[in-house]
Amino acid sequence: MSGNRAAVIGAGLGGLAAAVRLRARGYDVTVHEALDQAGGRARVFRRDGFTFDAGPTVITAPYLLDELFALVGRDARDYFELVPVDPFYRILFHDGGSFDFVGDEDRLIAQIAAISPRDVDGYRTLARKARAIFDVGYTKLADQPFDRFSTMLGAVPSMIKLESYRSVYGLVARHIRDERLRQVFTFEPLLVGGNPFRTSSIYLLIHWLERRWGVYFARGGTGAIVQALTTLLAELDVEVKLNAPVERIGVTRGAVTSIESSDGTRSAADVVVANADPSVVYRDLIDERDDPEEAGAAQAVVAAEPQQNRALPLLRDPRRLRQHPAHEHANDDPDGSAALGRVPEACGERHDEREKRDDVGASRGANVD
Ligand SMILES: Cc1cc2nc3c(=O)[nH]c(=O)nc-3n(C[C@H](O)[C@H](O)[C@H](O)COP(=O)(O)OP(=O)(O)OC[C@H]3O[C@@H](n4cnc5c(N)ncnc54)[C@H](O)[C@@H]3O)c2cc1C
């Protein structure tokens with residue numbers, strides 16, 4: 001589709017997912033990756049005949065992956081296999097005891113009762129709070145672009161109500177008294193390099209996310225998912241250029257016009273999704289001198305999550321880079337709001353519909369996608 005060129009910067013999980021979504025919308029997409037392999041933090045390294053995942057291994061919310069493949073009429077199961085794990089984690093205590101972290105509430109409660117009966121009710125309250133945090137932090141906010149101060153302000157009242165000013169440990173400790181159980185329910189921030197004593201309690205949403213959809217690993221490692229996505233993109237005629245660092249994003253009157261590679265090649269782009277770390281994008285890739293009046297204020301580039309955030313929300317919605325007005329006709333999205341991002345309808349079902357379906361699924365049994 002001419003006049004509909006999209007450049008994706010970065011072939012991490014977020015960039016690859018964005019490329020699939022763009023292609024599903026009919027864009028001509030090219031992915032530019034600085035390194036010699038795709039995957040970003042989910043890349044692999046090989047040693048002594050073994051392949052190691054460099055980063056993520058814990059896969060949650062597998063429906064997000066399914067959704068990507070379904071968008072282009074494929075079945076993810078034809079490309080890679082996710083295997084549910086049970087327990088999700090086994091926590092070993094210094095005293096020799098252990099706790100199996102699972103999705104099934106009865107099994108959780110039985111273990112809590114064996115360690116500290118007085119904490120059973122506290123856990124039930126904590127789980128309800130984790131669910132409430134999930135309902136806001138994941139269901140409502142995870143795919144919202146926080147690129148405007150007003151958007152952030154809008155989220156503040158619910159954040160205060162959910163006690164997100166407390167740390168994960170602070171909130172857990174209000175409901176659980178046994179120190180071992182406090183460890184059990186506060187370790188999840190460690191997965192993203194967070195300190196449970198400082199990370200906002202909003203991270204408790206992961207507790208509910210895992211209970212709701214389970215925890216999986218990809219057979220062959222997370223690298224198998226990266227491989228599946230690159231295979232899919234090849235089938236969709238999307239080129240993933242490796243060893244191709246982007247040095248600059250051209251901006252004119254607040255809209256992107258091009259990207260420039262390190263070899264000096266300049267490629268016109270009507271849409272750019274920059275999925276490198278946001279600070280790098282804003283600091284290094286956009287030169288305000290290009291566009292002194294607007295570049296600084298433009299909703300110029302929306303990159304992905306900070307480096308420690310979990311991968312899967314990124315699979316969901318790349319956020320929108322304002323299009324050049326000359327090309328706004330090129331998409332059939334009247335307000336432009338779905339140019340790159342928020343496309344649940346395009347995925348065949350809206351989030352609230354998926355919620356209903358998942359409730360049905362949840363009643364059938366835990367950890368079943
Ligand atoms: C050790 C570790 C363990 C983790 N474990 C989990 C886990 O178990 N479960 C989970 O869900 N998440 C986990 N995460 C988080 C997860 O890995 C990340 O959230 C996710 O991989 C980020 O994907 P991304 O595509 O947004 O960014 P990245 O993976 O960082 O990809 C960005 C890409 O952009 C490229 N790039 C940057 N600048 C340029 C440029 N100028 N030009 C071209 N390319 C550029 C980079 O080379 C990179 O490939 C873990 C992270 C780490 C580090």
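Which residue of E12 does Ser258 stand opposite? Keep that question in mind while you open the structure, which is a predicted model, and let the tour lead you to the answer.

**The whole chain**

Begin with the whole protein chain in view, in which there are 12 helices and 13 strands. Of its 369 residues, 40% count as buried. If you consider the contacts between residues at least 6 apart in sequence, 66% of them join residues at least 24 apart.

**The antiparallel sheet**

Now select strands E10, E11 and E12, which form an open sheet in that order, with antiparallel pairing. Strand E10 (246-252) and strand E12 (266-268) each have a single partner strand and stand at the edges, so one side of each is left without a neighbour in the sheet. Averaged over the sheet and with direction ignored, neighbouring strands are turned by 30° against each other. Next, select strand E11, residues 255-261, which is joined to E12 by 3 bridges, the two strands running antiparallel. Here the opening question finds its answer, for the residue of E12 that stands opposite Ser258 is Ala268.

**The parallel sheet**

Move on to a second open sheet, made of 4 strands in the order E9-E2-E1-E13, where the pairing is parallel. At its edges stand strand E9 (239-241) and E13, and because each has a single partner strand, one side of each is left without a neighbour in the sheet. The neighbouring strands of this sheet are turned by 20° against each other on average, direction ignored.

**Two helix pairs**

Select helix H1 (residues 13-24) again, this time together with helix H9 (residues 223-235), whose axis comes within 10 Å of that of H1 and crosses it at roughly 30°. The two helices, H1 and H9, are therefore roughly parallel to each other, and their crossing is left-handed. On the H1 side the contact is made by Leu16, Ala19 and Val20, and on the H9 side by Leu229, Thr230, Leu232 and Leu233. Sorted by class, the residues of this contact between H1 and H9 are 6 nonpolar, 1 polar and no charged.

For the other pair, select helix H4 (residues 120-140) and helix H8 (residues 205-213), which pack at an angle of about 95° with their axes 7 Å apart. H4 and H8 are therefore roughly perpendicular to each other. Show the side chains where they meet: Ala130, Arg131, Ile133, Phe134, Gly137 and Tyr138 belong to H4, and Leu205, His207, Trp208 and Leu209 belong to H8. The contact of H4 with H8 has 7 nonpolar, 2 polar and 1 charged residues.

**Stops in the loops**

Select Arg166, whose place is in the loop between helix H5 (149-161) and helix H6 (168-175). Is Arg166 buried, exposed or partly exposed? With 16 other C-beta atoms within 10 Å, Arg166 is partly exposed. If its neighbours within four places in sequence are left aside, Arg166 is in contact with Leu171 and Ser201.

Select Asp48, in the loop between strand E3 (44-47) and strand E4 (50-53), where phi is positive, near 50°. Asp48 counts as exposed, with 4 C-beta neighbours inside 10 Å. Then go to Asn243, in the loop between E9 and E10, which also is not a glycine and has a positive phi of about 50°. Asn243 is partly exposed, with 13 other C-beta atoms within 10 Å.

Finish at Pro87, which lies in the loop between strand E5 (82-84) and strand E6 (89-92). The peptide bond leading from Asp86 to Pro87 is cis, with omega near 0°.

Technical notes. Residues numbered from 1 in each chain as written. Predicted model: local features only at pLDDT ≥ 70, side-chain atom pairs only at ≥ 80, totals over all residues. Pairing = 2+ DSSP bridges. Axes fitted to C-alpha atoms, helices over the stretch in contact; angles between N-to-C directions. Buried ≥ 20, exposed ≤ 12 C-beta atoms within 10 Å, placed from the backbone. Contact = placed C-beta atoms within 7 Å. Parallel < 35°, antiparallel > 145°, perpendicular 65-115°, else oblique. Left-handed = near helix turned anticlockwise from the far one by under 90°. Nonpolar A, V, L, I, M, F, W, Y, C, P; charged D, E, K, R; others polar.
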